[in-house]
Amino acid sequence: MGGMRSLIVFTLVLVAAAPARAGTYEVHTLSAASPGLDGWSPYVHAPRGYVAVPAGPGGLAVQFHTRGLFDRGDVGEWVFTAPPDTTIVGWDVERAVSGIGAGGWNTLFAATGDGRVRFLYTDVPSQNRSWAVMHAGALAAGHVTAMLRCAGPGPCRPAPIATLRLRNSRVLLHDAFAPVASAPQGDLAGEGPLAGTAALSFTATDRGAGLYRAYAVVDGRRLEPVEIGEARCHALLAGGGAYAFGYRRPCPLGGGAVVAVDTTSLLDGRHTIAVVVEDAAGNAVTVYGPATRLVDNVPDPRPPAPRPRPRPALPAPRLAVTAWLERGRRRAAAMTVRYGERVRIRGRVVVLAGGPASAAGGAALDVAERVALPRAAWRPLTGLRALADGRFTTFARVGPSRRLRIVAPGGDSVSLTLRVRAPVTAQLVRGSVLRGRLRGGYVPRGGAFVELQARADGRWVTRRVVRTFSSGRYRGRPGARGPFRARVPRQSGLPFAAGVSPPRTAGRTTPRTSR
């Protein structure tokens with residue numbers, strides 16, 4: 001092992017940082033700015049011992065617990081895997097090691113590509129280390145691994161928990177494939193003079209990082225880009241690199257865009273115009289041009305002679321609408337309720353001064369809702385019609401947290417906020433395993449965080465944080481004595497307020513909905 005260690009030190013001298021270039025993009029995970037876990041997966045081999053691989057907002061960890069000795073070859077790993085059609089060319093991550101006891105512990109960081117394993121960093125034998133950055137460049141790997149293992153020859157003992165922690169990971173991926181675009185359509189791609197706003201549309205496909213954005217270039221000057229993907233496809237670092245994201249494949253592999261040029265901002269005459277599409281790694285191809293086009297914005301014609309004015313019609317009566325949420329005897333414009341709880345929407349339409357009071361009767365109201373998710377759109381619901389005295393009532397459907405908007409004829413509107421607690425169940429099995437399900441749908445990609453809590457000193461303490469599957473189901477060991485409960489905190493991408501399950505003890509396992 002001493003010879004291998006000296007060889008690895010020599011290798012680290014050769015893999016000095018390579019400058020970023022076209023065809024590469026960054027994936028940031030395990031950090032405050034990008035806490036996601038996309039691309040990471042654990043591996044454990046310890047037949048006689050217990051090795052935990054927790055993952056949460058603070059990062060990743062490998063933990064060898066004191067439940068006996070660990071044998072040679074026992075290992076815990078976290079592996080980051082590159083998406084198809086990409087390779088890993090660089091990796092930065094912060095690591096810390098603690099709880100190293102007796103025996104031959106090894107801390108190893110490695111990259112695997114073309115069937116070969118290349119060690120990037122070793123600590124042989126392992127020592128307790130504070131947070132420091134592990135950097136490696138000039139790689140060509142399909143995945144990278146951080147591991148803590150017992151290398152022998154004798155058994156290894158933690159003191160009391162041998163732990164390897166990871167945070168603030170930055171993986172540099174190389175994508176060698178440029179987008180492939182279809183023939184453009186539209187007046188900007190046609191012939192003849194251009195006037196007003198000229199536009200073209202196209203579709204494209206990509207391999208690797210996905211379609212990022214498209215933009216026009218006029219006389220060598222790049223105009224404002226048109227984003228192709230959704231929120232995950234936007235640059236992660238505000239004011240920083242344009243090719244840093246929180247996901248391995250941040251953008252869609254297929255899509256299209258409409259690129260427009262406002263020719264009124266150009267002088268009349270000939271201009272060179274091109275349209276370019278690029279992927280998230282900066283690979284760009286020209287969709288149209290460069291082509292020389294004539295801009296000719298003809299002045300507007302003279303307005304026609306004014307026609308005789310018709311007799312003005314009587315103005316429509318001005319209506320105003322008020323509304324509130326009602327549960328039992330409580331009324332409010334914003335309300336927090338349990339999932340499935342019956343909530344009534346009440347209100348009234350009134351006529352402002354100057355109009356007949358009867359105009360409020362039978363007024364048709366437009367009702368729409370918007371789920372509490374970023375970039376969610378308003379969705380129209382079944383309309384309402386006021387009674388003869390202007391009053392109206394309906395019930396809110398069972399669903400997630402959302403905003404409700406009621407619009408009266410003439411445009412007056414009122415907004416209501418309905419916050420719904422996350423419906424989580426909990427069941428204690430085999431005395432120490434807590435499992436259950438987050439109901440109601442809308443589970444974000446990668447799962448939702450669930451805090452496993454135990455009662456201690458008169459208050460609930462979070463013992464472990466787990467992540468649900470896409471179905472909403474979860475499972476974990478709180479690692480303490482009961483009673484226990486599951487708590488789903490308010491979190492990005494999940495349109496529910498914080499919710500908790502009823503407490504569970506060893507003698508009570510019947511599942512119930514959350515409070």
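His 65 sits in the loop between β5 and β6 of this predicted model, where strands are DSSP runs of E of at least two residues, numbered from the N terminus. With a relative accessible area of 18%, His 65 is buried; here buried means under 20% relative accessible area, exposed means over 50%, and partly exposed covers the range in between, for a 1.4 Å probe and protein chains only. Its side chain makes a polar contact of 3.5 Å with the side chain of Gln 63. For such a contact, a pair of N or O atoms must lie within 3.5 Å; within protein, one atom must be able to donate a hydrogen and the other to accept it, and residues adjacent in sequence count only if both atoms are side-chain atoms. Not counting residues up to four places away in sequence, His 65 touches Tyr 50, Ala 52, Phe 70, Pro 158, Pro 160 and Ile 161, contact meaning heavy atoms within 4.5 Å. Residues are numbered from 1 along each chain as its sequence is written, and side-chain values use heavy atoms, with hydrogens and water left out. As the model is a predicted one, local features need pLDDT of at least 70 and side-chain atom pairs count only at pLDDT 80 or more, while totals for chains, interfaces and linings use all residues.

The loop between β5 (59-64) and β6 (75-81) also holds Asp 74. Asp 74 is buried yet has no salt bridge, and the nearest side chain of opposite charge, that of Arg 48, is 6.4 Å away. In this count Lys and Arg are positive and Asp and Glu negative, with His and the chain ends left out; a salt bridge is a side-chain nitrogen of Lys or Arg within 4 Å of a carboxyl oxygen of Asp or Glu. A polar atom of the Asp 74 side chain does lie 2.9 Å from the backbone nitrogen of Asp 71. Beyond its neighbours within four places in sequence, Asp 74 contacts residues including His 45, Phe 64 and Cys 150.

Asp 71, in turn, forms a salt bridge with Arg 48, with the closest N and O atoms 2.6 Å apart. This pair links distant parts of the chain, 23 residues apart, as Arg 48 belongs to the loop between β2 (40-45) and β3 (51-52). Asp 71 is partly exposed at 24%, whereas Arg 48 is exposed at 60%.

The whole structure contains 16 salt bridges. One of them joins Arg 402 to Glu 369, the closest N and O atoms being 3.0 Å apart. This pair connects strand β30 (residues 402-407) with strand β26 (residues 364-371), across 33 residues. Both partners are buried, Arg 402 at 2% and Glu 369 at 3%. A network of salt bridges links Glu 369, Arg 379, Arg 397 and Arg 402.

Turning to the rings, a search of the whole structure finds eleven aromatic pairs. Phe 64 and Phe 70 form an edge-to-face pair because their ring centres are 4.9 Å apart and their planes stand at 80°. Rings of Phe, Tyr and Trp (its six-membered ring) pair if their centres lie within 6.5 Å, with planes under 30 degrees apart counted as stacked, over 60 as edge-to-face and the rest as tilted. Phe 64 is buried at 0%, and Phe 70 is buried at 1%. Elsewhere, ring pairs link Trp 40, Phe 80, Trp 91, Phe 109 and Tyr 121 into a cluster.

Notes:
Helices (H or I, at least four residues) and strands (E, at least two) are DSSP runs, numbered from the N terminus.
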